[in-house]
Each structure stands twice: as structure tokens, then as C-alpha cells.
Amino acid sequence: MMRIKPYDFMMKYTPQTDWIEGHGILIAFALFFGGISGGLYLASLYFDNLVGMFVAWILAMATGMTDMAHLSKPMRFWRMVLKPNSSWISRGFILIWLFLGCAAIQLAISYWAPGTAAETVFKVFAGIAAFGVAIYSGFVVGYVGAIKLWNSAIIPILFVVAGLTGGMAILLLASQGETTRQIVDVATAMVAVLVVYAVSVAIYLWITTYESHVARDSVMLLLKGSIAPVFWIGVVLIGIVVPIAIIAPYAFTEAAQTAAFIIGAVFAIIGGVALRYVILKAGVYAPLLPAE
Amino acid sequence: MRWGMAIEQKRCIGCYECVLACKAEHFLPPEIFWNRVLIGERGKYPSVTKLIYSVRCNQCADPACVKVCPTGATSQREDGIVWVDEDKCVGCRYCIIACPYQMRMFYEDGDTQYFPGQELTEHEKVGRELYPHQEGIVEKCVFCKERIDSGMAAGLTPGVDREATPACVISCPTKAIHFGDLDDPNSEINRIIKEKHGHAFHPEYDTDPSIFYID
């Protein structure tokens, strides 16, 4: 059965389907894992949390595996390092490998020989690579000029902030065995990042409406169309409002409330997946001909 | 040398012969189209203009698909033809995402046939031997580069000699499609584009297409 009727082809707004429907949903998870992997590593560096760094390494592996699972010819994956001069997927693939290598060495040094100069050096290298892993997925999407909703300079920034939000959420989960002071510090930082994340989403959507008619219609699809329930419930309510509402009261009164922090963190993580989903889902191509 | 097309829309009758010729030439499986005919309308009754565009990969001089391909599977030849090396493609589909004209297709299911549940037709059987399509690979129009290459090797001129000219061009019953070298200032195609004010399809995408349309 034809997915697109021949006479309908590019006659109206045509949603991109290759990176969201069927197997394509893996791209949303790859973007998500990449973002939170980099964000978690950077947050763990700041709070000096070795467990968080290790989980970030695992998540970077998940990024690469999810990317590969989306490929129809996964055994040729090594070819994806061949075009870093022009392709953001190629650059991202290299950054993931760099991060995996540097972070693995750093984790080993931090575990067996902490406090050495080598540890600091590899933390810096892995930190730079982690930032690259967090931001590259934004460039993969933002570089696509054909989809006006994505073709925005703010997308990479939004993806980094979203990655940092998810990373902080995982760090909050990983910090539950730590002292009350440390847990509250992470929770307070997460609330701050959530606020920045909320502002970033709002600025991105607001500016995008001025980019072009297609971009504005895509934003309207997000806010009022068929994707609106996922955006408002998944991204806004579950991903931003609920985590802030649950975590902020305890964070600001410096009372570590394990259940509240865990629920808030899990909600923020789910919201992060929803953000990547709605952005991919709302991407449409402009028609080549007017339909009527 | 840069191969290009000029398509005279006033001559095009929307018969889809170019689509069928392409299907036959490359033994394209069901659901795979390397070219299409877009038919639309502009204006309101009583002054309505019918629009017919025979479209295919524009073989852009500045192609987005080549830039985003992470493996180099999509590349551009010296004559401007953008093609996909089936043995290098990993199937990430970034090129499909990046093409503003959406002129690439992903060959997802290698088992599709024109008459499901029945035997393959003789044409399909021959096609699977002569022109095998790899499953899980991105496909697109290549200006019939096989015809161009073999024709030129035989001393023929693409755009002039049938054997060296793309199938959609020679099959057009109204001769609406012209083919030739855009880099040759004396070529027939350049004369037509210049005299009849040929223009690129959606030039706002900034990809410098090699196909020109004449209103």
C-alpha cells in the first residue's frame, strides 16, 4: 500500500517520517541519550560524582547503540567517521567515540589513582567531548535547512540545556546515597536548570514563529495541533511544571525528600524524551506546488 | 561539464510517460519513484492556471544531501551528477531528511512485488538480475548515468543521441524535456534556457539546481 498517494506528493505540508515513524523513533531516543549523556557528565564533573560520570559513559554507549540500531546497514557503521568535514552525524559519531575513550580512562584513573594530574587532564578532555556529545545532536537537527522548524540557531543551545536538565535529573537519582547537603545542592541546581530549560523552550518557539510561514505553522502544530497533547502534557507539564513543583519546595527549604526528588527526576527525564519526540514529529516540508 | 535539463511546462501534458520510462529503465520496485509529475492549480475561478511539473532529483551544484551524508555514499561526479554508492550507504536517511525537494526514496522492503501473492513478472525477474536494488538503501535519480557513460564511451553525445540520453527525456512524447551540458555556452540547452527564460524550481533553497523550468 502506498504511504503517500502519487498525486498528494509534496502538495501540502509534508511531515518528515524517516526520523520518527517506525524504526525512526530510535532517532528521538538517540538525540535524548546523547543530550543527557553529555549533560550528566558535565554536571557530575561539577558535583564531583563518580557514579554520575559512569552512568554518563553508559548513556553515551546507549547513544551510539541506538544510532546504530536505526541504521539499515549497521555493520557498515565504521564508515560514519569518514565525513567529519561536512556531516554532523559523522562529527557526532567521532565525538561519542572520543568521549567514550577519554571518560573510560578518566573513570579508571579516578577509581584507582584519584587526585593525580592525569585525572585532571582526562577530566578536561572528557568534559570537552561530553559538551560536544550534548550539542552535536542539536546541530544534526539544526543544520537541516529543508525543515524550517529545525533550522534554528537556538536548537543546539536548547538541546544542550535539555541535556543538562536530564543529566541533572539522573544525577539527582544517583545522589540519593549522599549527604543531605549534597542532595539538596543537586536538587537546587536542577530547579535552576529547569527554569532555564523552560525559558529556552519558550524563546525557541517564539523566535521560530518569525522565521517563516512553514516554521510558524509547525509551531502552531506543536501548540494547537495533533502534537499539542504530547507537547503540553509531556514537555511542559511532566517535563517542567511537575518537577519544579515537586522538587523546589524541598530544595529551597533544604529538606531532602527522597520520594519527591525521585518522582521529580523521573518526570523530568520523561519530559526530555517528549521534547525530542515533538520536535522531530512537528518537522514538515513546504509544499512544492500549491494544492489549490 | 555539468549535465542539466530544461523542461518546457507548456509542452508537458502530464502523461506520466517520464515516470513510467524511469520505472522501466531502472526496474524500479513498487513504491519507488525516481521522478514524479506534480499537478496543481494556482488562482481562483475563472482565472485558474493548471501547473504541471515533471520533477526528479535536481542534481544540485550545491547539494544538501552530499554535505550531510556521514559515509560519503552520496557524492557528486565531476559532471555534476549526484549519486549514491549502494555499498557505502548505511541507511541513516539523513540525506532524505536534508533534501528540500524530497526527491530521494528509501528502499525498505526488498520483497515487494507488483502483483503480491503471484509470481514475479518476467520484467521483475530480469530487473533483479540486470539492475538489482539493495534493500535498506537510499535511492534517487542519477540522470541515467549508465546511459550517459556508455553512450559517451561509444562517441555519442548526451542530449543529442538517444542511446546517451536519459530515458525520461527520450520518452517524452511532446519533447518537453531537453538535456545537455550547462557548462557549454553553445549547447542547445543553454540556448533554450536563455531564450525562454528558464528558472530553477524553488531557488530559495539555495542549492543551485541543474534542472530549469520554462513557464
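## Strand pairing, a helix and an interface

In this predicted model, Ile7(B) stands opposite Tyr213(B), a residue of E10(B).

User: How many bridges join E1(B) to E10(B), and in which sense do they run, parallel or antiparallel?
Analyst: E10(B) covers residues 211-214 of chain B. Ile7(B) and Tyr213(B) face each other across this pairing. The two strands run parallel, and the bridges number four.

User: Which residue of E8(B) stands opposite Met5(B)?
Analyst: E1(B) also pairs with strand E8, residues 177-181 of chain B. That pairing is antiparallel and has five bridges. Opposite Met5(B) stands Phe179(B).

User: How many of the six residues of E1(B) are buried?
Analyst: E1(B) spans residues 3-8 and is mostly covered. A residue is buried when 20 or more other C-beta atoms lie within 10 Å of its own. In E1(B), the buried residues number five.

User: How far apart are the end C-alpha atoms of H2(A), residues 50-70?
Analyst: H2(A) has 21 residues. At 1.5 Å a residue, the helix should therefore span 30 Å. The end-to-end value agrees with this: 31 Å.

User: Which helices are included in what covers the buried residues of H2(A)?
Analyst: The buried residues of H2(A) include Trp57(A), Leu59(A) and His70(A). Helices of chain A are part of their cover. Among what covers the buried residues are H1 (25-47), H3 (88-112), H4 (117-142) and H5 (154-174).

User: Which element gives the largest share of the side of chain B that touches chain A?
Analyst: 34 residues of chain B are in contact with 35 of chain A. Strands E2 and E3 and helices H2 and H3 of chain B each give two or more residues to that side. The largest share is six residues, from E2(B).

Notes: Residues numbered from 1 in each chain as written. Chains lettered and ligands numbered in written order. Predicted model: local features only at pLDDT ≥ 70, side-chain atom pairs only at ≥ 80, totals over all residues. Contact = placed C-beta atoms within 7 Å. Expected span 1.5 Å × (residues − 1). Buried ≥ 20, exposed ≤ 12 C-beta atoms within 10 Å, placed from the backbone. Pairing = 2+ DSSP bridges.
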